[in-house]
Amino acid sequence: MKLVLNPWQFDMLVTTNLFGDILSDLVAGLVGGLGMAPGANIGADAAIFEAVHGSAPDIAGQGIANPTALLLAGAMMLDHVRLHDEAARLRRAIEDTLKIDQVRTGDLGGTAGTAAFTKALVSRIANA
């Protein structure tokens with residue numbers, strides 16, 4: 001309940017995999033949906049970064065998936081391996097693509113497919 005009513009009171013939640021999966025699905029709605037939610041599983045000897053929504057097999061191959069969650073997971077991975085400037089550059093390009101260029105996939109109320117969004121993002125990164 002506290003997570004839904006006042007999510008800003010939490011900086012981090014450490015849970016087991018099952019509860020982390022449940023909570024990540026719940027809080028994805030606070031940031032625009034599952035297409036915007038990256039995930040990280042960090043252990044003592046390994047780390048895995050992924051989109052919270054998984055592989056989205058229901059829309060696979062249709063060119064309509066929002067790649068943002070996976071890209072943000074990539075930014076988290078870059079931070080994890082101490083490439084902070086590169087992570088910030090990627091996050092800034094994602095933000096500018098969404099806010100300034102107004103290029104959005106259908107889940108965010110836009111009309112861009114996966115390829116169009118990615119092309120706009122790559123253009124932002126190249127020109128940064």
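Predicted model: local features only at pLDDT ≥ 70, side-chain atom pairs only at ≥ 80, totals over all residues.
Residues are numbered from 1 along each chain as its sequence is written, and side-chain values use heavy atoms, with hydrogens and water left out.

### α4 against α5

The two helices pack at an angle of about 125°, and their axes are 9 Å apart; axes here are lines fitted to C-alpha atoms, for helices over the stretch in contact, and angles run from 0 to 180 degrees between N-to-C directions. Helices themselves are DSSP runs (H or I, at least four residues), numbered from the N terminus. The crossing in which α4 passes α5 is right-handed, in the sense that the near helix is turned clockwise from the far one by less than a right angle.

On the α4 side the contact (heavy atoms within 4.5 Å) involves R89, L90, A93, I94, D96, T97 and L98, which meet F117, A120, L121, R124 and I125 of α5. Sorted by class, this contact has eight nonpolar, one polar and three charged residues, where Ala, Val, Leu, Ile, Met, Phe, Trp, Tyr, Cys and Pro count as nonpolar, Asp, Glu, Lys and Arg as charged, and the others, Gly among them, as polar.

L98, which lies in helix α4, is buried with a relative accessible area of 10%; buried means under 20%, exposed over 50%, and partly exposed in between (1.4 Å probe, protein chains only). Leaving aside residues up to four places away in sequence, L98 touches M36, V103, R104, L108 and F117. The C-alpha atom of L98 is separated by 30 Å from that of M1, 97 residues away along the chain.

### α3 against α4

The axes of α3 and α4 come within 7 Å and cross at roughly 160°, which makes α3 roughly antiparallel to α4. Their crossing is left-handed. From α3 the contact draws on T68, L71, L72, G74, A75, M76, L78 and D79, and from α4 on H84, E86, A87, L90, R91 and I94. By class, it has eight nonpolar, three polar and three charged residues.

### Salt bridges

The structure holds four salt bridges, each defined as a side-chain nitrogen of Lys or Arg within 4 Å of a carboxyl oxygen of Asp or Glu. Among them are the following pairs.

| Pair | N to O distance |
|---|---|
| R91 and D79 | 2.8 Å |
| R124 and D96 | 3.7 Å |
| R124 and D101 | 2.8 Å |

R124 lies in helix α5 and D101 in the loop between α4 and α5, so this pair ties together parts that are 23 residues apart in sequence. Salt bridges link D96, D101 and R124 in a network. R124 is partly exposed at a relative accessible area of 25%, and D101 is likewise partly exposed, at 33%.

The salt bridge between R91 and D79 links helix α4 (residues 84-99) with helix α3 (residues 68-80), the two residues being 12 apart. R91 counts as partly exposed at 30% relative accessibility, and D79 is partly exposed with a relative accessible area of 23%.

Methods
Parallel < 35°, antiparallel > 145°, perpendicular 65-115°, else oblique.
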